[in-house]
Amino acid sequence: MCSSDLGIEVAVRRQDPEDTTAPVFMPEQRISLDAAIAGYTIEAAYTNFLDDDTGSVEVGKYADLIILSDNLFDIPTAQISNAKVLATLLEGELVYRSDERRVGKECRSRRSPYHQKQNATALPHNRTITQHL
């Protein structure tokens, strides 16, 4: 279970993912799946003043993303936390596949995007994701 998937499921359902019979906690605070995903992506980037660099898949932004086993919009909300991470891209490079082999760059701690901009060459953001898979 991916921790962001767990948080997204709880935000949408307001119920313990491990116990579907548990009472819904403050149901009036449920949010849509769109809003929950935005909270983990573009809104989180905006809050941290990073939305020019990350938070959405756009030309010129860092390509940090995960590919899930399921389209979260096509499965019941109670199954969101069961989605598996199939691949992880960091700065556009495939660094993890579900067979647990590391590919490309080693996963590492990153400096802030602002620091990277000053000390790194431009990344090739126009490559398609399918090239890596």
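Glu9 is buried in this predicted model, because its relative accessible area is 0%, where buried means under 20% relative accessible area, exposed means over 50% and partly exposed lies in between, computed with a 1.4 Å probe and protein chains only. Glu9 forms a salt bridge with Arg13, and the closest N and O atoms of this pair are 3.1 Å apart; a salt bridge here is a side-chain nitrogen of Lys or Arg within 4 Å of a carboxyl oxygen of Asp or Glu. Glu9 and Arg13 are four residues apart in helix α1, so about one helical turn separates them. Arg13 also counts as buried, because its relative accessibility is 9%.

The model is predicted, so that local features need pLDDT of at least 70 and side-chain atom pairs count only at pLDDT 80 or more, while totals for chains, interfaces and linings use all residues. Residues are numbered from 1 along each chain as its sequence is written, and side-chain values use heavy atoms, with hydrogens and water left out.

Arg13 leads on to Arg30, which lies in the loop between α1 and α2. The backbone oxygen of Arg13 lies 3.1 Å from a polar atom of the side chain of Arg30. Once neighbours within four places in sequence are set aside, Arg30 is in contact with Ala11, Val12, Arg13, Arg14 and Val24, contact meaning heavy atoms within 4.5 Å. Arg30 and Glu9 are 21 residues apart in sequence, and their C-alpha atoms are 10.0 Å apart in space. With a relative accessibility of 41%, Arg30 counts as partly exposed.

By the rule given above, the count comes to two salt bridges, and one of them joins Glu58 to Lys61, with the closest N and O atoms 3.1 Å apart. The side chains of Lys61 and Glu58 are also joined by a polar contact of 3.1 Å, a polar contact being a pair of N or O atoms within 3.5 Å, where within protein one must be able to donate a hydrogen and the other to accept it, and where residues adjacent in sequence count only if both atoms are side-chain atoms. Lys61 is found in the loop between α3 (42–47) and β1 (65–68). Lys61 is buried, with a relative accessible area of 7%, whereas Glu58 is partly exposed, with a relative accessible area of 45%.

Which residues make up the largest nonpolar core? This core has nine residues, namely Ile8, Ala11, Val12, Leu33, Ala36, Leu72, Ile75, Ile80 and Ala83, and a nonpolar core is defined as a set of buried Ala, Val, Leu, Ile, Met, Phe, Trp, Tyr and Cys residues joined through side-chain atoms within 4.5 Å. Helices α1 (3–13) and α2 (33–40) each supply at least two residues of this core, and the largest share, three residues, comes from α1. In soluble globular proteins, nonpolar side chains tend to be buried together.

Turning to the chain as a whole, there are four helices and three strands, which follow the pattern α-α-α-β-β-β-α along the sequence; helices (H or I, at least four residues) and strands (E, at least two) are DSSP runs, numbered from the N terminus. Of the 133 residues of the chain, 31% count as buried. Among contacts between residues at least 6 apart in sequence, 45% join residues at least 24 apart. The accessible surface of the chain comes to about 8700 Å², of which 54% belongs to carbon and sulfur atoms, as computed by the Shrake-Rupley method with a 1.4 Å probe.
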